[in-house]
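Hello,

Here is the structure I promised to hand over. Please open it alongside this note; what I found follows below.

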Amino acid sequence: MSDNGYAVVSQRLTKCFGRKVALDCVDIHVPVGSIYGLVGPNGAGKTTLIRCLLDLLRPTRGSLTVFGCDASRGPTVRRRIGHVAALQPMWEWMRVRELAKFMSGCYPRWNADAVSRLLDRTGIDRGARIETLSRGQRTLAALAVQIGHDPDLLILDEALTGLDPLARREILRSVIEMMHGQRRTVLIAGQDLSDMERICDHVGILVEGRLVVEAPLEALRLRTKRLRVSHAPDTQLSTPAGATSVERGLRETRFVLGDGADDVLHELRAQGLQTDADDLSLEEIVVCLAQSAPAGVG
Amino acid sequence: MFDPIDTKSGLPFYRQITDQIHRAVAAGKLQRGDQLPSVRELAMQLLVNPNTVAKVYRDLERDGLLRARRGQGTYIAASASSLAERERSRLIAEQLEQVATDVRAFGMPSESAVDLFRDILTNGRTAKEGLS
């Protein structure tokens, strides 16, 4: 089955819950081998999209394919996906080693070495019952068994959210370890933008059910700039076309531009205004886009 | 040996890792024949996307600073003296550009700024000593 180099592709994917439009004509493209960050405010539709991917929800309209197969094709597709969610239910009474043994029987491929490596590195006691593990350890144990079945696509749904820095580092490390040299794909949905900025090479930004941006992270960072313009007190600079955020101060005005910042920069300097351009963090980019998105959906 | 990535600086991680290797070679902390960590090791250490590290290694190999031996790892191929003058200039220029932004913002005459820099270069005077 051809996948055209994409692990996940959707076309005009739409999911409605009654009158509420949770996903609105989303065209997502997750390249094979990428670490794709799906970001956006709470309620933007990230988890709905993932539930569609896992065939826990059926799209209202549009298509969604995983490695070229329709996401609703069931076990053949599902078996290639690993999934770790925040606070996901687990068999509390099981010991870590029993969980690994049980899961190893559910999947055709099992990579016991990868599981051992992760458990050893993170120092999780194989004899401990799941219920006695800390929140970070639970997530790591869940990740270990998901990596164990050698998924082609690993989905982390808010798996980093609310964890201590040490646990987050270990999860990021494990993702990097399983990624390298493999044609594996990771889809991370979450709010921890500084972590995602580290390891993601592609991002999709969902705002109110719409995918407002999808780009390689590096390209997005290169083209999004904040311009700081110094001027005489109380000068009203006109807002450049395409500015996603404007802050007006007494002697300084700041614009965020998603594109064409260089042209505006030159133009302002040509007018004799002292202007500097700053790079933005992923967090700042998301905040600007979320604020500038048109209110209401549909 | 590698410093943590600075996520606040706004400088792309690719640039930060490349600059670190350049600086280490220019300062003699990495010398010809020294082995670098594998792509996976360095990505895990710095917590960055392995493709970023792979691209750094690939581009530095193309520039002749690194040499990859198949299945054996990546090594420093260039010595500090052979590091192109223009590379060294670029590293210094990048830092001076930041200083220049402040000089302009403070309205300091260029001559005073240059004098100050010359003074620091010859006397090694730090800002702290200058204030006391």
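L227(A) stands opposite F255(A) in β14(A). That places us in a pairing within chain A: β12 (residues 225-230) and β14 (residues 252-257) run antiparallel, joined by six bridges. Strands count as paired when DSSP finds at least two bridges between them. Helices (H or I, at least four residues) and strands (E, at least two) are DSSP runs, numbered from the N terminus.

β12(A) also pairs with β15 (residues 275-279) of chain A, again antiparallel, through five bridges. Here K225(A) stands opposite D279(A).

A word on the source. This is a predicted model: local features need pLDDT of at least 70, side-chain atom pairs count only at pLDDT 80 or more, and totals for chains, interfaces and linings use all residues. Residues are numbered from 1 along each chain as its sequence is written, while chains are lettered from A and ligands numbered from 1 in the order written.

Next, helix α3 (residues 96-104) of chain A. Its buried residues (20 or more other C-beta atoms within 10 Å of their own, C-beta atoms placed from the backbone) are V96(A), L99(A) and A100(A).

Last, the contact between chains (C-beta atoms, placed from the backbone, within 7 Å). It takes 20 residues from chain A and 14 residues from chain B. On chain B's side, α2 (39-46) and α3 (50-62) each supply at least two residues. The largest share, four residues, comes from α2(B).

Best wishes

Key. Contact = placed C-beta atoms within 7 Å. Buried ≥ 20, exposed ≤ 12 C-beta atoms within 10 Å, placed from the backbone.
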